[in-house]
Amino acid sequence: MNIFYYSKFSNETEWLIILKKKFKGHKIITIKDNFDYQKIDIAIIWNLPNSIFKKLSNIKVIFSLGAGVDHILKLPSYNKTPIFRIKDPNMRERMFNHALSQILNYQLKLNFYQNSQQKKLWLDERKTMLNKELTVGILGLGYIGEYVAKKLQNLNYNVIGYKNSPTLKKNNFKIFTKKKITHFIFSSDIIVSILPSTKETKDLINKKFLTKMKKNSLLINIGRGSSLNEKDLINHLKINCNFFVSLDVFKKEPLAKNHKFWRHPNITITPHIAAITDIDSSIEYMYKRFLTIINNKKIKSDVNLKKGY
Ligand code: OXD
């Protein structure tokens with residue numbers, strides 16, 4: 001098989017070495033190779049420009065090098081080729097660790113101490129919340145969201161969840177759907193968004209949503225930047241000085257140098273690293289999928305094209 005690899009990851013060389021080892025007997029091709037793109041069977045990609053994608057006219061399957069697939073679905077030349085996303089326990093654990101770090105930062109007021117250290121101030125702050133006193137709302141209960149919710153619950157946080165479509169799956173926490181989103185927002189002290197980028201989720205976290213959040217709460221976005229209306233957030237922060245935000249994803253990445261978010265004291269920024277793609281386990285996952293494809297010849301996409309994730 002001819003396998004095309006594309007990413008702009010800083011550790012691309014390492015990816016290629018391990019891919020070549022794992023997919024021994026097959027050809028791994030990159031844009032640096034002078035290869036007939038029409039002979040490519042499989043594409044392993046992250047943020048591939050459409051100008052290249054449209055040349056891969058005979059691919060049978062696409063592997064997304066991340067949990068999300070919006071970078072593929074938005075390509076004008078994408079035409080229903082089956083897609084597999086990375087479903088990796090290591091990725092889920094990283095996402096959980098990141099969410100927890102931001103929750104604890106807010107809960108234990110660590111930013112205040114960091115700031116006061118700069119000013120050599122001995123802050124005499126006497127109140128922080130216990131886990132059981134906080135309700136964390138998980139917005140988006142997919143493969144990663146459900147895991148984060150369960151892990152937080154194990155740590156004694158009150159956990160509630162939000163899902164666009166109703167579910168029959170039993171969970172130990174309350175799940176709200178579309179009609180009850182206001183209840184979900186009102187009840188949460190902290191909201192963690194792990195939503196995918198779809199038509200339904202576009203700008204879901206807007207003025208109306210933010211106004212319903214508690215005045216002194218925390219919003220964490222580790223899903224997709226498209227679900228947050230950035231202007232509405234800036235305006236919300238102007239009148240709510242005790243509202244905090246932690247953002248790992250943005251409408252446009254990398255975040256522009258002159259973006260207002262960078263300098264806002266209530267916003268913590270990380271550069272889309274909440275769940276970096278783990279090389280070894282992801283390649284292992286893709287290889288297993290690859291074997292079932294070449295053995296069964298039947299390819300069933302991971303992605304529901306109607307829902308967009
Ligand atoms: C993503 C990822 O899909 O980082 O955003 O995996």
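How far apart are the axes of helix α1 and helix α10, and at what angle do they cross? Here are my notes, starting with that pair.

1. The axes of α1 (residues 12-22) and α10 (residues 279-296) come within 10 Å and cross at roughly 35°. Axes here are lines fitted to C-alpha atoms, for helices over the stretch in contact, and angles run from 0 to 180 degrees between N-to-C directions. The crossing of α1 and α10 is right-handed (left-handed if the near helix is turned anticlockwise from the far one by less than a right angle, right-handed if clockwise). Helices (H or I, at least four residues) and strands (E, at least two) are DSSP runs, numbered from the N terminus.

2. Before you go on, keep in mind that this is a predicted model, where local features need pLDDT of at least 70, side-chain atom pairs count only at pLDDT 80 or more, and totals for chains, interfaces and linings use all residues. Residues are numbered from 1 along each chain as its sequence is written, and side-chain values use heavy atoms, with hydrogens and water left out.

3. Who touches whom in that first pair? From α1 come E14, W15, I18, L19 and K22, and from α10 come I279, D280, S282, I283, E284, M286 and Y287 (contact means heavy atoms within 4.5 Å). By class, this contact has 7 nonpolar, 1 polar and 4 charged residues. Ala, Val, Leu, Ile, Met, Phe, Trp, Tyr, Cys and Pro count as nonpolar, Asp, Glu, Lys and Arg as charged, and the others, Gly among them, as polar.

4. Now look at α4 and α6 (residues 143-154), which pack at about 55° with their axes 9 Å apart. That angle makes α4 oblique to α6 (under 35 degrees is roughly parallel, over 145 roughly antiparallel, 65 to 115 roughly perpendicular, the rest oblique). Their crossing is right-handed. Residues of α4 including F96, L100 and I103 meet residues of α6 including Y147, V148 and L152. The contact divides into 11 nonpolar, no polar and 3 charged residues.

5. The second largest pocket has 25 lining residues, with Y106, Q107, K109, F112 and F244 nearest its centre. α4 (89-107), α5 (110-118) and β11 (244-247) each give two or more residues to the lining, and α5 has the largest share, 5 residues. By class, the lining has 8 nonpolar, 13 polar and 4 charged residues. A pocket is an open set of points on a 1 Å grid over the protein atoms alone, where a 1.4 Å probe fits, with protein on both sides within 12 Å along at least five of seven lines; lining residues have an atom within 4 Å of a point.

6. A cis peptide bond joins E253 and P254, with omega about -10°.
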